[in-house]
Amino acid sequence: MDNPLFGTAHMLYEVDKKLMVLLHDGRTLIGYLRSVDQFANLVLHRTIERIHVGNEYGDIQRGVVIIRGENVVLLGEIDREKESTLPLREISVDDILDAQRREQEARQEKHRLVAKALKERGLNMNSEMAQDEF
């Protein structure tokens, strides 16, 4: 084994690398890891929040960001060669936020229709539980 460190100590090898971090609330942050502690709390520098809708994306500048380790779902290094060849199209922040809003409205409408159909069949779903399903 090349790396003698385990757990969050292993992340010390990732300092100064460009990372993508998926948060528990679904947001995606991309930035340079500057610091990590024993609780996997992260400090990212030159951070952007990337919003994806279909094959389009928009980036919102966030600067220096501190992330509590318990909010991290996934963390990985960005492959700079592959990053430039992705089949994604960058659009303005206003356009991606509008597309995200439309996508969320469509998801909520689908949820409402499913809940209505189930209720008509005698099933009443808890709205929080049902929302997690869709």
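**The largest pocket and its surroundings**

The largest pocket is lined by Asp25, Gly26, Arg27, Thr28, Glu49, Arg50, Ile51, His52, Gln100, Glu103, Gln104 and Arg107, where a pocket is an open set of points on a 1 Å grid over the protein atoms alone, at which a 1.4 Å probe fits, with protein on both sides within 12 Å along at least five of seven lines, and lining residues have an atom within 4 Å of a point. The model is a predicted one, in which local features need pLDDT of at least 70 and side-chain atom pairs count only at pLDDT 80 or more, whereas totals for chains, interfaces and linings use all residues. Residues are numbered from 1 along each chain as its sequence is written, and side-chain values use heavy atoms, with hydrogens and water left out.

Arginine 27, one of the lining residues, is found in the loop between β1 (18-23) and β2 (28-36), strands being DSSP runs of E of at least two residues, numbered from the N terminus. Because its relative accessibility is 36%, arginine 27 counts as partly exposed, a class that lies between buried (under 20% relative accessible area) and exposed (over 50%), with a 1.4 Å probe and protein chains only. Beyond its neighbours within four places in sequence, arginine 27 is in contact with Val21, Leu22 and Glu49, contact meaning heavy atoms within 4.5 Å. Arginine 27 and histidine 52 are 25 residues apart in sequence, and their C-alpha atoms are 9.6 Å apart in space.

Arginine 46, which lies in strand β3, has a positive phi near 50° although it is a residue other than glycine. Most residues other than glycine have a negative phi. Arginine 46 counts as exposed because its relative accessibility is 55%.

Note on methods
Helix = DSSP H or I, 4+ residues; strand = E, 2+ residues; numbered from the N terminus.
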